[in-house]
Amino acid sequence: MKKVYLDYAATTPVDPQVLSAMQPYFFDQFGNASSLHAYGQEAKKALEDSREVLADFIGALPEEIVFTSGGTESDNYALLGAAFAQEKKGNHIITSAVEHHAVSGPAKFLEKKGFKVTYLGVDQDGLVSPEDLKQTITDKTIMVSIMHANNEIGTLQPISQLGKIAKEKGICFHTDAVQTVGHLPVNVDALNADLLSLSAHKFYGPKGVGALYVRKGTRLETFMRGGDQERGRRASTHNIPGIVGLAKAIELCRSKMNDEIKLQTSWRDRLIKEIPARIPHVRLNGHPSQRLPNNVNFSIKYIEGESILLSLDMLGIACSTGSACTSSSLEPSHVLLAIGLDHETAHGSLRITLGRFSRESDVDYLLEQLPPVVQKLRAMSPLYEK
Ligand code: PLP
């Protein structure tokens with residue numbers, strides 16, 4: 001059976017070149033980067049070289065990079081670290097209604113600890129309004145956290161503008177850039193970010209490794225206490241193969257980025273045009289153009305996203321409904337509800353995300369298989385009147 005992977009926003013395969021770069025660090029060069037002997041120093045060099053590659057890519061200083069176990073840890077560290085470091089200054093945090101659970105989870109925890117959190121709403125395309133942010137800031141606001149791109153609907157937020165508003169008020173600004181790093185140019189100064197989260201498995205690196213960018217001077221309570229790795233900011237023996245893999249993945253993304261953006265945008269726009277032409281009663285979710293180059297998200301009315309997903313899976317096509325982390329729950333996506341969809345429409349969403357190993361023939365296959373799947377499911381749906 002033909003196998004077509006169209007779920008790159010959930011995770012990406014490790015690029016074979018990344019795997020080759022990682023391999024020596026499992027056996028020949030397995031040292032602990034904190035050891036003083038030659039094994040340790042070899043590992044330390046790989047660690048610091050990798051830090052430089054990542055720092056250079058996002059316009060940061062090497063000492064502003066903290067390696068973590070991935071996007072979730074980076075987001076938790078940013079939210080909890082910045083909140084607890086500034087609790088004497090104020091207790092108000094601003095985020096959005098469409099954040100990944102890796103941000104909304106710690107935000108809800110902070111509410112339980114006495115912080116006040118404002119969840120900014122979004123418009124029908126999923127955009128946060130800079131004016132709303134301005135209006136919501138008070139003299140108690142200590143942090144703003146708004147994601148760079150939404151993992152479900154692909155909408156790109158006006159981060160530079162939002163970051164500038166926070167900066168002018170001297171408020172710490174965090175952005176979850178897990179869906180953009182490696183896919184679009186990301187520069188911490190251009191984005192006005194004090195804290196920025198990223199995760200290697202979203203850009204052809206291994207799972208379980210990521211980083212938090214921490215602008216010099218940002219007040220952050222230590223998150224993982226223990227040894228003094230990462231200048232005391234994040235204890236635990238370094239995951240050298242993972243970190244080397246992250247850096248190699250960054251190098252590859254850097255050299256391929258322009259071509260990948262061009263190709264994926266053309267396939268994305270083809271799907272955005274052809275799906276509604278082939279299937280009636282569909283709605284594009286997310287901004288029509290201000291969106292990730294690889295993201296397509298449609299609500300397909302009168303049927304459940306899960307049923308579409310399973311029918312496509314039987315044809316060898318892997319897509320997603322809701323976000324990967326919640327697609328096993330039957331709750332409609334908080335992102336689709338936030339852009340104003342009713343529960344029924346929110347239940348019928350399909351996310352298609354393209355990547356490095358996608359081919360035009362994958363797009364052709366999906367366009368061929370999706371309409372009969374939808375037709376068959378609608379024929380069985382009590383909600384659908386022929
Ligand atoms: N933030 C966003 C926007 C994501 O898409 C994800 C993963 O789906 C995460 C955070 C969590 O990243 P990780 O899987 O590396 O913990």
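## A lined cavity

Gly-182, His-183, Met-257, Glu-260, Ile-261, Gln-264 and Pro-293 line the second largest cavity. A cavity is a set of points, on a 1 Å grid over the protein atoms alone, where a 1.4 Å probe fits but cannot get out; lining residues have an atom within 4 Å of a point. The lining divides into three nonpolar, three polar and one charged residue. Here Met, Ile and Pro count as nonpolar, Glu as charged, and Gly as polar.

The volume of this cavity is about 50 Å³. A volume is the space filled by probe spheres set on the points, with grid points joined across faces, edges and corners. Three cavities reach 30 Å³ or more.

## Basis of the model

This is a predicted model: local features need pLDDT of at least 70, side-chain atom pairs count only at pLDDT 80 or more, and totals for chains, interfaces and linings use all residues. Residues are numbered from 1 along each chain as its sequence is written, and side-chain values use heavy atoms, with hydrogens and water left out.

## The three-stranded sheet

An open sheet runs in the order β9-β10-β12, with antiparallel pairing. Strands β9 (282–284) and β12 (349–353) are at the edges with a single partner strand each, so one side of each has no neighbour in the sheet. Neighbouring strands are turned by 25° against each other on average, direction ignored. Strands are DSSP runs (E, at least two residues), numbered from the N terminus. Two strands pair if DSSP finds at least two bridges between them.

Strand β10 (residues 295–300) pairs with β12 over five bridges, in the antiparallel sense. Phe-298 faces Leu-350 of β12.

How values were computed: 1 Å grid on protein atoms, 1.4 Å probe; cavity = no way out; pocket = protein on both sides within 12 Å on 5 of 7 lines; lining within 4 Å. Helix = DSSP H or I, 4+ residues; strand = E, 2+ residues; numbered from the N terminus. Axes fitted to C-alpha atoms, helices over the stretch in contact; angles between N-to-C directions.
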